[in-house]
Every structure is written in C-alpha cells, then in structure tokens.
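Here are my notes on this one, as numbered points. Have the model open while you read.

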Amino acid sequence: MWGNNKPVVLSYGRQRSRWSLPPWLVLLIVGAAAGVAGVIYVQEKHLPPRLSASESSELRGAYDQADAERRQLKAELDATAARLQAAQADGKKLGEDLAAGRSGSEKLRQDLDFAVDALPPDPRGGAVEVRAGRLQRKGAGLAYEVALTRGAGARPINAVLQLAVSGQGASGAETRVVGKPVPLSIGAYEIARGTLALPEGFRAGQATISVLDRPDGRQLGMRVLYVK
C-alpha cells in the first residue's frame, strides 16, 4: 500500500523577483530626477550662463583687488580721522594758549601802565614828557632807553627823537655829537630804544633828548640826562 508513494509538490503562487524595487523608492528616484531636470532647465533658460574656470578666476581676482582697495581706503580714512582729531586737539590747545597769552599780555600792559604812572614827572613838562631815561656806553656806541608819555587815552602822533651828546673828544677838547632823528609814533606812552654811534676815543658826559614834531621842527619835549 505504501510502496508506490509519489512526492507531493505544494505550490503557493508566483514567486517574486528579488530585484524588484518598492514603489516608494521608485517615486523618490523619479522625483529626484525631475528636480535635477528642473534645476538644469532653469539654469539653462532663465539664469545667467555659468562661468568657466578662467572667468571664475578673473572674477575672484577682481574681487580680491576690490577688497584690497577697500581695506586701503579704510586705512586711509582711519589715518585721516586720526589727523583730524590731532588737528582739533592742537587747535583747542592753541586756543587755550592764545587765551592765556591774551591774559598775560593784559597783565603786562597793566603792569607797564602802573610802572609808567609811577615815574617822576618831567620837570620841563611839554606836549611830550620825557619821564625817564637810561644812557650807557656799549662798545663804540651809546645805548639809550627813554620813556615818553602824553597822558592816558592820547591818540598816537608822529614825532622824531633826537639825541645830542656832549663830552670830550680823543684830543681832550669839548665835542658834541648829534644823532640822526629817529621816527616814533607816540600814544599814551612809548619806550624808545636804540644805539648812537660815537667817535673813537670820545668820552660822553651828558645827552640832551629832544622830541620834535618833525626833523628840525617844533620841539614837543626835552630833557638832559647824564651818561653813566
């Protein structure tokens, strides 16, 4: 009964191919391909053409040059700003120094006014008073300093100062040396300074200081001082 048994073959339907792709993967690949195609289409039809290697190199070089120029301009701008700040600081200091100088000048003027007012009056009086003077031998000449006044608030006038020095010459004889008129502008006061050349061997004794309205003109003031 069991001797003629045949094998029984069971069939479960059609066998799948092991290389078939899932539907979702197929859709993903198709979508990616469509996207790449769209990008290529847009680049070719609507965007500027892509640059070649040489063009890209030139563009990079131009960019680097422009960036270098930008940095240079920025450095120059920073340097200019620094110089401007330094100039402003110098200007501020100059203004402060000028203000201090004006203050010092005003104090000096006040001191000079006080010193002139404290001088003894000219005993001869006159339109121009010779308030004080100093005469000293200096080498071959006679150095002089003379304080002249006309009163507070007086408007400046043009005048000349002339020195006549009396003394002994080299031979021992009495000699008189007359200097050239020195032009002056005399306001409330004026300090005249200068040097009168003297002959060799001359020994000065005294000097007559004359203030004239012009050379050989009308006398405005006069005083005699001894030479030290």
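1. Elements first: helices (H or I, at least four residues) and strands (E, at least two) are DSSP runs, numbered from the N terminus. By that count, D216 sits in the loop between β7 and β8. D216 is not a glycine, yet has a positive phi of about 60°. D216 is also exposed, with a relative accessible area of 76%; exposed is over 50%, buried under 20%, partly exposed in between (1.4 Å probe, protein chains only).

2. Some housekeeping. This is a predicted model, where local features need pLDDT of at least 70 and side-chain atom pairs count only at pLDDT 80 or more, while totals for chains, interfaces and linings use all residues. Residues are numbered from 1 along each chain as its sequence is written, and side-chain values use heavy atoms, with hydrogens and water left out.

3. α2 has 65 residues and runs 94 Å from its first C-alpha to its last, close to the 96 Å expected at 1.5 Å a residue (the expected span is 1.5 Å times one less than the number of residues). D67, D113 and V116 are buried in α2. β1, β2 and β6 are among what covers the buried residues of α2.

4. What holds the strands' nonpolar residues together? Beyond its neighbours within four places in sequence, L161 is in contact (heavy atoms within 4.5 Å) with residues including Y144, L184, A192, I209 and V211.

5. On to the pockets. A pocket is an open set of points on a 1 Å grid over the protein atoms alone, where a 1.4 Å probe fits, with protein on both sides within 12 Å along at least five of seven lines; lining residues have an atom within 4 Å of a point. α2, β1, β2 and β6 each give two or more residues to its lining, which has 8 nonpolar, 1 polar and 3 charged residues.

6. The second largest pocket holds about 160 Å³. Its lining divides into 4 nonpolar, 2 polar and 5 charged residues. α2 gives the largest share, 3 residues. D113, V116 and D117 are among the lining residues.

Terms used: Nonpolar A, V, L, I, M, F, W, Y, C, P; charged D, E, K, R; others polar. Points joined across faces, edges and corners; volume = space filled by probe spheres on them.
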